[in-house]
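Here is a short briefing to read alongside the structure. Keep the 3D view open and find each residue as it comes up.

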Amino acid sequence: MLTLIRSLRPAAVQLRPAAAAAQPCARLSTGPRQEHRTFYEFRTYSIRPDQNAAFLKLTNEKINLRTAHSELIGYWSVEYGGLNQVFHIWKYDSYAQRAGVRVALAQDPTWISEYISKALPMLTSQDNEVTYLVPWSRLQKPAQSGGVYELVSFQMRPGGPAVWGNAFQAAVTARDAPGYGKLLGAFHSEFGLQNRGTRVHALWWYDSADQRAEMRHKAHTDARVVAAVRNSVSHLDSQRSQLMLPCPFSPMN
């Protein structure tokens, strides 16, 4: 059974006159959110296997040099669904703010000498995405410290939320409302892999990996969840799930 997410609400639809009336002209998926400039940068680093512990130790000791410049939402080590990887989320109020942060970091001799010059040789790759919270989602905090986090990434088929929005929001609501998982945020990508449609992410929290397995089993026996999944899965091209552990310095911990 595919993991569930919530989705964007459908964008405004403009009907063309006469014979074209049956062809909805939908706004881009990001349209409803562009009134709000706040965005979240997802960053994924792949670490050399022999340097994983050293990278985490260095980051734990020097992360204050980075958080002095912008807000860190969370920082995790990937436990399942990726080897020797870390995933972190940074919040920005505007693209101008992010550009200013990057300039400031490049001119910060302490950041460069004490962290970047040591961390970069430990990495094999870096990737990022610019994401926005979907209109119906708000960033939440977990109910308690500890636990495990699941990032589920979905590649939606072309058509946008005007086609699949309601179905996917209903699918996640069917799982979130009964408590089969704690949804911390649902995001859609603005920059990143977009060639096959919109990419959507859902960040979940659980007490433990075993509790997640138990909740998934219960969700799969819930007729409401099953019906919602069947109604939404036809819009999904592919998905990926990663189970993550919060780093000691992560604000979400």
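R230 is a residue of helix α6, in a model that is predicted. With a relative accessible area of 68%, R230 is exposed. Along the chain R230 and A171 are 59 residues apart, yet their C-alpha atoms are separated by 8.9 Å.

**Helices α4 and α6**

- Two packed helices are described by the angle between their axes and the distance between the axes.
- For helix α4 (residues 161-176) and helix α6 (residues 223-232), the angle is about 160° and the axes are 8 Å apart.
- Angles over 145 degrees count as roughly antiparallel, and α4 and α6 are therefore roughly antiparallel to each other.
- The crossing that α4 and α6 make is left-handed.
- On the α4 side, the contact is made by A167, F168, A170, A171, A174 and R175.
- On the α6 side, the contact is made by R224, V225, A228, N231 and S232.
- Sorted by class, the residues of this contact are 7 nonpolar, 2 polar and 2 charged.

**W164, a tryptophan in α4**

- W164 has its place in helix α4.
- Is W164 buried or exposed? W164 counts as buried, because its relative accessibility is 0% and buried means under 20%.
- W164 and N231 are 67 residues apart in sequence, while in space their C-alpha atoms are 9.5 Å apart.

**Helices α1 and α3**

- The second pair to look at is α1 and helix α3 (residues 109-119), whose axes come within 10 Å and cross at roughly 155°.
- α1 and α3 are therefore roughly antiparallel to each other.
- The crossing of α1 past α3 is left-handed.
- From α1, the residues making the contact are F55, L58, T59, K62, L65 and R66.
- From α3, they are T110, W111, E114, Y115, K118 and A119.
- The contact of α1 with α3 has 6 nonpolar, 2 polar and 4 charged residues.

- T59 sits in helix α1 (residues 52-67).
- T59 is buried, with a relative accessible area of 1%.
- Which residues is T59 in contact with, leaving aside its neighbours within four places in sequence? They are Y75, Y115 and F249.
- W111 belongs to helix α3 and is buried too, at a relative accessible area of 9%.
- Not counting residues up to four places away in sequence, W111 touches L65, R66, L105 and I116.

**Two residues in loops**

- P121 is found in the loop between α3 and β6 (123-133).
- R48 and I116 are touched by P121, not counting residues up to four places away in sequence.
- P121 and Q51 are 70 residues apart in sequence and 9.2 Å apart in space, C-alpha to C-alpha.
- N84 is in the loop between β4 (71-80) and β5 (85-92).
- With a relative accessible area of 25%, N84 is partly exposed.
- Most residues other than glycine have a negative phi.
- The phi of N84, however, is near 55°, a positive value in a residue other than glycine.

**The chain as a whole**

- How many helices and strands does the chain have? There are 6 helices and 10 strands.
- Of the 253 residues in the chain, 47% are buried.
- Among contacts with a separation of 6 or more, 81% are between residues 24 or more positions apart.
- The accessible surface of the chain comes to about 12200 Å², and 51% of that surface belongs to carbon and sulfur atoms.

Note on methods:
Residues are numbered from 1 along each chain as its sequence is written. This is a predicted model: local features need pLDDT of at least 70, side-chain atom pairs count only at pLDDT 80 or more; totals for chains, interfaces and linings use all residues. Side-chain values use heavy atoms; hydrogens and water are left out. Axes are lines fitted to C-alpha atoms, for helices over the stretch in contact, and angles run from 0 to 180 degrees between N-to-C directions. Helices (H or I, at least four residues) and strands (E, at least two) are DSSP runs, numbered from the N terminus. Angles under 35 degrees count as roughly parallel, over 145 as roughly antiparallel, 65 to 115 as roughly perpendicular and the rest as oblique. A crossing is left-handed if the near helix is turned anticlockwise from the far one by less than a right angle, and right-handed if clockwise. Contact means heavy atoms within 4.5 Å. Ala, Val, Leu, Ile, Met, Phe, Trp, Tyr, Cys and Pro count as nonpolar, Asp, Glu, Lys and Arg as charged, and the others, Gly among them, as polar. Buried means under 20% relative accessible area, exposed over 50%, partly exposed in between (1.4 Å probe, protein chains only). Accessible areas come from the Shrake-Rupley method with a 1.4 Å probe; for residues, only the protein chains shown count as cover.
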